[in-house]
Amino acid sequence: MKKFMEEFKTFIMRGNVMDLAVGVIIGGAFQAIIKSLVDDMIMPLISLITGGIDFSNWFVQLSGDQKYATLAAAQEAGVATLSYGNFINAVINFLIMAFVIFTLIKTINTLDAKYRPKKEEAPTTKKCPFCQSEIDIKATRCPHCTSELS
């Protein structure tokens with residue numbers, strides 16, 4: 001049992017597990033921001049452009065004879081519904097979140113490439129000290145003057 005707990009502790013304290021946990025927590029908070037952006041800012045604009053369409057009230061009533069004007073009223077009455085408007089909202093949320101994450105990562109990568117110090121590549125050639133010809137770095141004899149290199 002003690003060995004099992006030690007293995008579990010080693011597993012849980014790995015950097016990638018902790019990074020994943022932080023990512024999930026930040027992702028949850030970020031999702032709330034995106035949901036607010038979509039629900040409070042984008043959907044009203046889409047509704048304005050489309051003439052007042054409210055996707056959240058798009059549904060198909062699967063049971064009951066009485067017709068309901070809103071999804072909330074149908075659900076309150078206990079009627080089975082197919083709420084495809086909520087699915088449309090979820091798809092829009094996903095697309096906006098994916099776009100925001102894409103632009104964020106693209107910006108970070110651009111800044112990283114701009115400000116990260118450039119790594120110098122290891123040289124692949126050297127000059128022969130005798131004839132000054134450029135030769136492979138691993139050469140032990142110059143192919144041009146046949147001098148032995150140290």
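The model is predicted, so local features need pLDDT of at least 70 and side-chain atom pairs count only at pLDDT 80 or more, while totals for chains, interfaces and linings use all residues. Residues are numbered from 1 along each chain as its sequence is written, and side-chain values use heavy atoms, leaving out hydrogens and water.

Let's begin at the surface. Met1, Phe4, Met5, Phe8, Phe11, Ile12, Met13 and Met18 make up a nonpolar patch, with about 870 Å² of accessible area together. Such areas come from the Shrake-Rupley method with a 1.4 Å probe, and for residues only the protein chains shown count as cover. To join a patch, a residue needs over 30% relative accessible area and no salt bridge; nonpolar side chains (Val, Leu, Ile, Met, Phe, Trp, Tyr) are joined within 5 Å, and like charges within 9 Å. A salt bridge, by the way, is a side-chain nitrogen of Lys or Arg within 4 Å of a carboxyl oxygen of Asp or Glu.

Which helix gives the most to this patch? That is helix H1, residues 2-12, with five residues. Helices (H or I, at least four residues) and strands (E, at least two) are DSSP runs, numbered from the N terminus. Phe11 lies in H1 and is partly exposed at 40% relative accessible area. For this term, buried means under 20%, exposed over 50%, and partly exposed in between, with a 1.4 Å probe and protein chains only.

Now to the rings. The structure holds two aromatic pairs. Rings of Phe, Tyr and Trp (its six-membered ring) pair if their centres lie within 6.5 Å; planes under 30 degrees apart are stacked, over 60 edge-to-face, and the rest tilted. Phe55 and Trp58 have ring centres 4.8 Å apart and planes at 75°, so this pair is edge-to-face. Is Phe55 buried or exposed? Phe55 is buried, at 11%, whereas Trp58 is partly exposed, at 29%.

Trp58 also pairs with Tyr84, in a tilted arrangement with 6.1 Å between centres and 50° between planes. Trp58 sits in the loop between helix H2 (15-49) and strand S1 (60-61), and Tyr84 in helix H4 (residues 84-115), so the pair ties together parts 26 residues apart in sequence. Put together, ring pairs link Phe55, Trp58 and Tyr84 into a cluster.
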